[in-house]
Amino acid sequence: MSGTEKTSTTRRDLLQAATAAGSAAALLAGFGINPALAAEMGRSEKPLKAAFSNAGLQATWCAQGKQAAEWWGKLLNVEVTWFDGQLDAVKQRAAIDNMASQKWDFVAIQAFGIGTLTQPVQKMIDAGIPVIDMDTLIAPLDQINVHSFLAPDNEFMGASVTQALANAIGGKGKIIMTQGALGHTGAQGRAKGFNSVIKQFPNIEVLDTQPADWDVSKAARLWETYLTKYPQIDAAFFHNDDMALAAYNIMKAHNRTSILIGGVDAMPPAIQAVSEGRMFATVRNPSCRIHGGAIVAGVAAVTAGEKSGQGIPKHVITDGPVVTKANAAGMQWMEDHFLI
């Protein structure tokens, strides 16, 4: 992406300026964060050790989250160690078992599937380690005492993009939903949002709703089948942008680019695709806000004694907006600086 080198230099200069002043408070205030809160939360005087895991770094949303966590970690004196989930529940469980065998100041995890990591996470909680849950539930909040759950309203995201697609096709036609991993609570919410909108449009027919498990190759194979099987497809909703753009390449190869595409995450390639008209819309699942927020929450827990349910709510909603041509450039700038 053009401008990456300049953006990186700007971030480095800002970080050095904040460090030279002995505090990140001024920089955080420049980001719109209350200076008093910034000073209280502040940069840890001693280096902190944090362990992070998300569903799998093959997904661009997860890779961006890792970048954001590491950048905010440097800002606040946190050394981040990564345990890749590899888009596989069994492999992530092995990684989290390994994580739970070590000592950390705090931990942040996005589970590939609900209920798959409960035992090792509970082990860390029992050891007094604050565990921040990101994006999808490790387990229902009344069953595991995580420090906080930072996540968007997935039902809102699914509904808002589906509504935009339904409006664009005039409330009638044929649509396909390509889901993420069915055990992922975020995917479950997006499907619920999709269904809540579609039931209001009796003249829209849902042709298929198979999952592709966030896997771009699987999404491409599904869409090879769909384009052969269905002569008319008016719109398509994908649970993330990676799958949407993989399917677009198949549509282009079949000369079926009139299909309106909606995605989730508003990653930079999707923002560009919306700007260029290859995608109709996406919605921001704020990876930077979630992963960076987990760093902030962990530091505040360790250095300021912030308590779960008191200093920080048990559930923090981190919603981002629907992204169209009108706000795409601003969204890209916010992501470049790990703000949303």
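Student: Is K66 buried, exposed or partly exposed?
Tutor: This is a predicted model in which local features need pLDDT of at least 70, side-chain atom pairs count only at pLDDT 80 or more, and totals for chains, interfaces and linings use all residues. Residues are numbered from 1 along each chain as its sequence is written, and side-chain values use heavy atoms, leaving out hydrogens and water. Relative accessible area under 20% is buried, over 50% exposed, and in between partly exposed (1.4 Å probe, protein chains only). With a relative accessibility of 23%, K66 is therefore partly exposed.

Student: Which residue meets K66 in a salt bridge?
Tutor: A salt bridge requires a side-chain nitrogen of Lys or Arg within 4 Å of a carboxyl oxygen of Asp or Glu. At 2.7 Å, N to O, the partner is E70.

Student: How far apart in sequence are the parts tied together by E155 and K192?
Tutor: The side chains of E155 and K192 form a salt bridge at 3.9 Å, N to O. E155 is partly exposed at 31%, whereas K192 is exposed at 52%. Because E155 belongs to helix α7 (residues 154–168) and K192 to helix α8 (residues 185–198), the parts they tie together are separated in sequence by 37 residues.

Student: Are E335 and R284 buried or exposed?
Tutor: E335 and R284 form a salt bridge, with their closest N and O atoms 3.6 Å apart. E335 sits in helix α13 (residues 328–336) and R284 in the loop between β10 (282–283) and α12 (287–303), 51 residues apart. Both residues are buried.

Student: Which backbone nitrogen does the side chain of H239 reach?
Tutor: H239 lies in the loop between β8 (235–238) and α10 (241–253) and is buried, with a relative accessible area of 0%. Beyond four places in sequence, its contacts (heavy atoms within 4.5 Å) include M177, R190, W214 and V264. At 3.1 Å, the side chain of H239 reaches the backbone nitrogen of G180.

How values were computed:
Helix = DSSP H or I, 4+ residues; strand = E, 2+ residues; numbered from the N terminus. Polar contact = N/O pair within 3.5 Å; in protein donor to acceptor, adjacent residues only side chain to side chain. Contact = heavy atoms within 4.5 Å.
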